[in-house]
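Have the viewer open as you read.

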2 protein chains.
Amino acid sequence: MSIEKLCINTLRFLSIDAVEKAKSGHPGAPMGMAAFAYVLWQEHLKHNPDDPSWIDRDRFILSAGHASALLYSLLHVYGYPVTLDEIKRFRQLGSITPGHPERDELSGIETTTGPLGQGLANAVGMAMAERWLAGHYNQPGFDIIDHFTYVVASDGDMMEGVASEACSLAGTLGLGRLICLYDDNNISIEGSTDLAFTENVPERFRAYGWQVIGPIDGLNTREVDAALRQARQETGKPSLIVCSTLIGYGSPNKAGTASAHGEPLGQEETRLTREKLGWQYEPFTVPDEALDHFHKAKASGTKAQQQWKTVFKEYSGIYPQLAKEFVAGMKGELPENWDKELGLLPPLPEKPMATRESSGIALNALAKCINYLVGGSGDLAPSNKTILKDKGHYSAKDQTGHNLHFGVREHAMGAIAAGLSLHGGIIPYVATFLIFYDYMRPAVRLAAMMGIRVIYIFTHDSIGLGEDGPTHQPVEQLMGLRLVPNLVTIRPADYAETLEAWKIAVRRNEGPTALVLTRQKVSSLDKQKTGKDGREVSRGAYILRESDPDPELILIASGSEVHIAASAAKSLKEQGIKVRVVSMPSWELFECQDAKYRNLVLPPEITARISVEAGRNLGWQKYTGDKGIAIGVDGFGVSAPWEDAYKHMGLTAENVVVNALRLLGRA
Amino acid sequence: MSIEKLCINTLRFLSIDAVEKAKSGHPGAPMGMAAFAYVLWQEHLKHNPDDPSWIDRDRFILSAGHASALLYSLLHVYGYPVTLDEIKRFRQLGSITPGHPERDELSGIETTTGPLGQGLANAVGMAMAERWLAGHYNQPGFDIIDHFTYVVASDGDMMEGVASEACSLAGTLGLGRLICLYDDNNISIEGSTDLAFTENVPERFRAYGWQVIGPIDGLNTREVDAALRQARQETGKPSLIVCSTLIGYGSPNKAGTASAHGEPLGQEETRLTREKLGWQYEPFTVPDEALDHFHKAKASGTKAQQQWKTVFKEYSGIYPQLAKEFVAGMKGELPENWDKELGLLPPLPEKPMATRESSGIALNALAKCINYLVGGSGDLAPSNKTILKDKGHYSAKDQTGHNLHFGVREHAMGAIAAGLSLHGGIIPYVATFLIFYDYMRPAVRLAAMMGIRVIYIFTHDSIGLGEDGPTHQPVEQLMGLRLVPNLVTIRPADYAETLEAWKIAVRRNEGPTALVLTRQKVSSLDKQKTGKDGREVSRGAYILRESDPDPELILIASGSEVHIAASAAKSLKEQGIKVRVVSMPSWELFECQDAKYRNLVLPPEITARISVEAGRNLGWQKYTGDKGIAIGVDGFGVSAPWEDAYKHMGLTAENVVVNALRLLGRA
């Protein structure tokens, strides 16, 4: 057996053995992909297993995350800290080898994949980040960022809409350092892809503006090598390499069938596969000869990073400021004085102002101090108020613009934002109407799971968007955001709260933050008078005002409805009711406070509580309790001027007062 | 002015005037699309405004729903019950002319559009339904179903992933009676489409297997007419007509600009547009000459339906059974004895059985009696257990198969299912893993808003799916389903509950139903012993068992966790605790019960309550109350065999017992 074959079969059998031992998993894809993956990792991928966080490494993304066993096998043989024991504990509790790859910078796993299409879109974001950073930080003779992003995609990835969106944008933006290896094996779970997928993928990608190479024989290492060389030479367009392969290659009875996809081969078929491929080693064996060969690639990676270090050291000497900023950005740190411009903004606006407008002001102030705050909207920038003034527009011709234009592609936007963040060096924000959060949920969930910094700007946050009607009016989305673990959602009530919300979002590095903002104007909560300065947002909820330190009723609200609650409280006070108003911009931040603070704001003994929020009531029982009342929107919205819509739904101070009096038995 | 120009300008100015009066809306698209819309409606569309529910009418879908003013104008001038007064009340509370079109069969609005891409995917579903019905009910000489589905799509529609998914599938399935008019105006909200969308749309659609016509001048009626003729002649492939148009056509200063898109032209620009187009009528005028001309089309529509009625009468005489079934299906009725086969199933399975498996049995039994129960999976049929045995597979060659293959395209699947339902004649079901509900949320929401019957089968419903890990384990999705207005979610606990859930889903005609099902096996709740027979599912929640008629503790659970609750109850009973177990498969159905029943199941005075459900706790406070405890999954899941995952998360009878004792102060 040639050394190549030995190495490729090592990857195949490590994968097969892992799946067999786990009695669960996907052997077929690793068996089919092993050859082209080997060529990529052995001959092309620029990486140093001893330092998986090397800034200028090539990024490798397995969008077909179900082939995780192959990724773990690659990481193991090339010397990343994924031990054989971990491979033996594939898919077991507490292992670092879960069913689908989970981002783990220490092990060399760049992103969490499995839900199809996501990894491909992440890769587009990484490739965008690479060019943006190159444009801003490289200097003549110093290409400190100059790497490729490789992504492996399956038929399933190609079918997902998020992939279409992302790849169309990649073509528009001319992302020449993005190379996709398409594992074209004609099989998906229900059988032949002819059942549902007869499109001409190469023609589709040419239509997007990609270089398309192949179809090549994805099992032939020479063809793969030549294709990769060709792909790397084209730096003006992304490249798709169509690799014809055979799912379950080597298995006499299962190769080329759907049954090779998602279940172990079984003892007998494993035996037959060993026989067919001439594999005589014990399970979980990496032959010494193969290991030596794999480690040659490792040696060249170590050398490459050494060279890079030398260059970067020199660069740092000549361009100390740039180097400092670059390193801080890559570490996810904020520059010194990052909030200086924000601090210079007037404490209050002159007139009522939509929180989306306040958000635009805050964003622009922050971007003046944080160069690597980069983002855009899904074709709604003028409405989302996300345009950064004098900061340029990212395009194929100028990949250094801060303003990104995603087109009407919310889902890809979400996944690309994750890619920008995962690459490092950029703090991404992306924007759309809150209703279109529904289009990008899978991407938001993965960002939360990965614990990465992405800022989502969701404007037009309720029936308050008015005339566009129920198709555009979010009702269940706000509570839906709160249901996502590790996502912090902030719905500020006015200008001051919005500025604070932005500070929190930019600082938060352990997960994404969603800012939920109004289309309609809101006045400023007169916090000066009550000793509040907006910084209470970081506590999630706070006492905005009260007519008596010992209230009998608490009104709790978020965002634009805080003003309704405040107005109702005024009426109630006039009727002699001792009432407290709590502004609650963020449930998650409030839950992080200690019990003392939470009980101070919402004393358990005060059970007369009313929530006011222009979204579904389900969930509010957590704070209103058994005796409380939730005033919200329990059906779909209506097309009408926003004031009419609010009145129609009972979201008025008058209705809050009526409910309060009834609750207190004074109706 | 020629009669054509007069008619087209009538449509333009009705739209302009409606937007001006509302001071809100989208004038630019109607102005650009009016010419091709006029040709379609005047010369090609087979419809009878006096009977918008005529079964064999051509379907017209405005996927670019923001151009709603054009649709209302068309409906008005062609004689549908959309009055001038309603057009004057465009976007006002209570009007039938909301900001985006909302399905209204009486007015001729086929589907609710606005969220981009959805209408195009709905249209694919309608075109699939048309061919399926034609294949099943047409007889030699009797083409009782033989119509086209026309859809108007904008640049924004083309960018959305859901459109890519749906159009790729439409090509695979050879839907020759689907014709898409693409309003190619090069403008989206942020400006030129070059910013984000330089792909070659015609080439992309050719890659999908479509006939592509054009680009033609979409403002030239002759070119449009010729293109439509060509499109109608190709019955083996769907057709895309690329209509180059000008957004805001006729406006001297705004034509061809983004500012024509989403705001009124304004008084002065309206005046200039009138001048430029030579329009001298009062606002909201339909000139008599134009009206006469429009009504010619109406006359031919009336005649066409008369002819169809004659044919259908004769058909009914020769094929009474087919005609009866066809009419019942189109009315959304179930055939007599629709649940006969379901009733013949054994009352209990022999062995523990996953509810997905029970669901497959129920579905096949129902499909034996309901011919028009049609559906499929997003490439997960073997896992979702949705294959109908001996019922054929829908393909380009055989469009009569009951089994649909959507490929890995959950979003399009959701929107296509809505189209199948909207067309009429089919009860659609679609299936995927619960986690991928996230990929199809916008489509589910619109089905709920429209109040149409679609059955979603969501299997692998919790961390109980095990080894595939957190990327595939739903956590927030179950509560997320409950947040959608007018969606009924049912999570049955065993075989018997699953059969009942299916009955409810098939019967429910006023909105969609989601069935949430396990991957892992569950035993049967021994209801015979307790006098329960499963029919309690229709009440949403019921007392499964109790150790005492006057319990001190209530355990509430759904789905697979009912078994944990039951097991905990057994332990607690042994410790002398008076405990009740409530199985709660559906919150929505429970909320529909009267207070008496609800208080019988969950008496307000019993405040010691524990919920057990493998999803997020947020929301459960509604039923557990101030003193209760929710036991669930509050972070993301883990990759592990399911029993290990459950143990790790504390979803065990032991943990329930510990919490119960603590709650009762006996720990």
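In chain A, among contacts with a separation of 6 or more, 77% join residues 24 or more positions apart. Keep in mind that this is a predicted model. The secondary structure of chain A comprises 25 helices and 20 strands. Of the 667 residues in chain A, 68% are buried.

What about overall dimensions? The C-alpha trace of chain A extends over about 90 × 60 × 45 Å along its principal axes.

Now turn to the place where chain B and chain A touch. Chain B contributes 95 residues to the contact and chain A contributes 96 residues. Together the two chains bury about 7,800 Å², and carbon and sulfur atoms account for 59% of that area. Within chain B, the residues that lose the most area to chain A are B:E190, B:R445 and B:L483, which together make up 10% of what that side buries.

Polar interactions also cross this interface. There are 47 residue pairs in polar contact between chain B and chain A, counting pairs with both residues at pLDDT 80 or more. On the side of chain B that touches chain A, the residues comprise 38 nonpolar, 33 polar and 24 charged. Four salt bridges are found across the interface of chain B and chain A. To look at a salt bridge in detail, zoom in on the side chains of B:D468 and A:R91, with an N to O distance of 2.6 Å.

Key
Residues numbered from 1 in each chain as written. Chains lettered and ligands numbered in written order. Predicted model: local features only at pLDDT ≥ 70, side-chain atom pairs only at ≥ 80, totals over all residues. Heavy atoms only, no water. Contact = heavy atoms within 4.5 Å. Buried area = accessible area lost by both parts, 1.4 Å probe. Polar contact = N/O pair within 3.5 Å; in protein donor to acceptor, adjacent residues only side chain to side chain. Nonpolar A, V, L, I, M, F, W, Y, C, P; charged D, E, K, R; others polar. Helix = DSSP H or I, 4+ residues; strand = E, 2+ residues; numbered from the N terminus. Buried < 20%, exposed > 50% of the residue type's maximum accessible area, 1.4 Å probe, protein only.
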